[in-house]
Amino acid sequence: MRVSVDPMSVEPNPSKSAPANGDRGAGPGEGASAPVRTPSDETAGERAAGRGEQAGDAAAEALRPHAEDAFAAELAALAAQDDRPRPARWKLSPWAVATYLLGGTLPDGTVISPKYVGPRRIVEVAVTTLATDRALLLLGVPGTAKTWVSEHLAAAVSGDSTLLVQGTAGTPEEAIRYGWNYARLLAHGPSRDALVPSPVMRAMAEGRVARVEELTRVPADVQDTLITILSEKTLPIPELGQEVQAVRGFNLIATANDRDRGVNDLSSALRRRFNTVVLPLPESADAEVDIVSRRVEQIGRSLDLPMVPDGIDEIRRVVTVFRELREGVTADGRTKLKSPSGTLSTAEAISVVTGGLALAAHFGDGVLRTSDVAAGILGAVVRDPAADRVIWQEYLEAVVRERDGWTDFYRACREVTV
């Protein structure tokens with residue numbers, strides 16, 4: 001017989017220690033210190049307040065706060081003005097979740113910053129999928145904001161983006177199902193106290209959204225542990241003769257890189273459990289410049305980098321170089337180009353500009369210049385020291401050298417290339 005179990009009850013709860021010899025504690029006149037107040041003596045309100053203060057302090061000091069912490073004010077403003085129907089255990093309605101990702105202005109004037117710049121329909125389909133019983137697979141080339149979108153979707157829907165499984169070639173089955181506290185297991189055998197729930201198991205019990213990053217990097221036999229979870233909404237625990245049943249609000253977002261086809265392709269049985277949404281590269285150079293500018297500004301603030309004025313021209317140059325080499329043709333369509341082995345994604349452009357920003361702030365005159373981004377571009381383009389270097393040099397001589405207003409850029413790139 002199978003018994004449903006709340007996986008929260010399987011987390012070990014340390015018992016409160018009794019006095020050593022049965023005494024209730026010495027009185028003040030007996031030279032003893034004041035009684036120690038254990039965590040179990042605190043009220044729920046005190047514990048919640050303490051956790052809130054600690055979380056606030058941690059978020060303020062975190063190098064990269066979780067989405068629900070970094071954008072807590074926006075999420076709170078949306079929740080306060082969101083009068084539309086919400087699925088079970090969702091923090092916001094589907095409309096508010098889409099507004100959080102795409103940005104907008106609320107009736108009270110609160111401005112919601114865009115987290116994703118792209119077609120609105122893509123976001124609407126992704127959000128709607130999470131409101132159904134099908135899981136969501138975000139698919140795209142590297143640097144198309146798959147992880148970024150999945151994090152913000154989880155933050156807006158569940159208020160918690162941390163129920164995460166990072167997929168790698170070494171991801172074990174326990175990362176998706178559950179593991180064991182081996183000290184308790186050896187001492188007492190299989191029991192609820194010895195069970196260590198995975199992020200997916202916790203999401204099932206709490207009605208939240210779990211995330212699996214780089215699903216196609218996970219070994220095929222481990223991938224298939226998701227089939228029962230996604231189809232039956234149940235996670236069996238055969239060692240205990242029990243199971244965990246997902247409560248309403250549970251769903252799963254997975255991301256996959258379509259450059260990794262053939263690494264660990266999803267089985268047809270597993271793929272059927274997902275609704276696949278493809279995240280495209282930015283449609284235009286202006287859109288990509290906007291994305292890079294916004295993210296560089298956010299990252300710069302988190303790193304306490306001084307604001308560098310008038311950097312938009314260099315950002316546009318970086319984006320132009322990446323787009324032309326990525327697409328194999330110049331922006332005017334006149335010259336065919338060879339594409340290097342790297343992806344030259346928007347994420348890499350953000351990294352190049354952020355590195356240039358740090359150079360300009362700490363070792364330059366405070367103005368972002370071509371010399372600050374040249375080395376970063378070279379590192380992003382030349383992944384194969386032989387083939388990519390030839391492609392890069394041909395691009396410099398045939399395109400950059402002849403382009404009006406790019407003389408300084410050409411010289412700076414030549415200096416780091418030689």
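## Ground rules

A residue is called buried when its relative accessible area is under 20%, exposed when it is over 50%, and partly exposed in between, using a 1.4 Å probe and protein chains only. Helices (H or I, at least four residues) and strands (E, at least two) are DSSP runs, numbered from the N terminus.

This is a predicted model, in which local features need pLDDT of at least 70 and side-chain atom pairs count only at pLDDT 80 or more, while totals for chains, interfaces and linings use all residues. Residues are numbered from 1 along each chain as its sequence is written, and side-chain values use heavy atoms, with hydrogens and water left out.

## A covered strand

Start with strand 11, residues 251-257, where 7 of 7 residues are buried. Both of its faces are covered. One side carries N251, I253, T255 and N257, and the other carries L252, A254 and A256.

## Two helices

Now find helix 3, residues 72-81. Its buried residues are E74, L75, A77 and L78. The face turned away from the buried side carries the exposed residues A73 and A80.

What do the buried residues of helix 3 pack against? Their partners are helix 2 (67-70), helix 4 (94-102), strand 3 (111-112) and helix 6 (146-158); contact here means heavy atoms within 4.5 Å.

Helix 6 is mostly covered, with 12 of its 13 residues buried. Among them are W148, H152 and V157. The expected span of a helix is 1.5 Å times one less than its number of residues; for helix 6 this gives 18 Å, which agrees with the 18 Å between its end C-alpha atoms. After helix 6 comes G159, whose phi is positive, near 75°.

## Charged partners

Side chains of opposite charge can pair when their charged atoms come close. A salt bridge is a side-chain nitrogen of Lys or Arg within 4 Å of a carboxyl oxygen of Asp or Glu, and the structure holds 22 of them. One joins R177 and E173, with the closest N and O atoms 3.0 Å apart. R177 is buried at 16% relative accessible area, whereas E173 is partly exposed at 33%.

Another salt bridge brings E324 and R403 together at 2.8 Å, N to O. This pair links distant parts of the chain, 79 residues apart: E324 is in helix 13 (residues 312-327), and R403 is in the loop between helix 16 (387-400) and helix 17 (407-417). E324 is buried, at 2%, while R403 counts as partly exposed, at 21%. Finally, salt bridges that share partners join E288, R323, R326 and E327 into one network.
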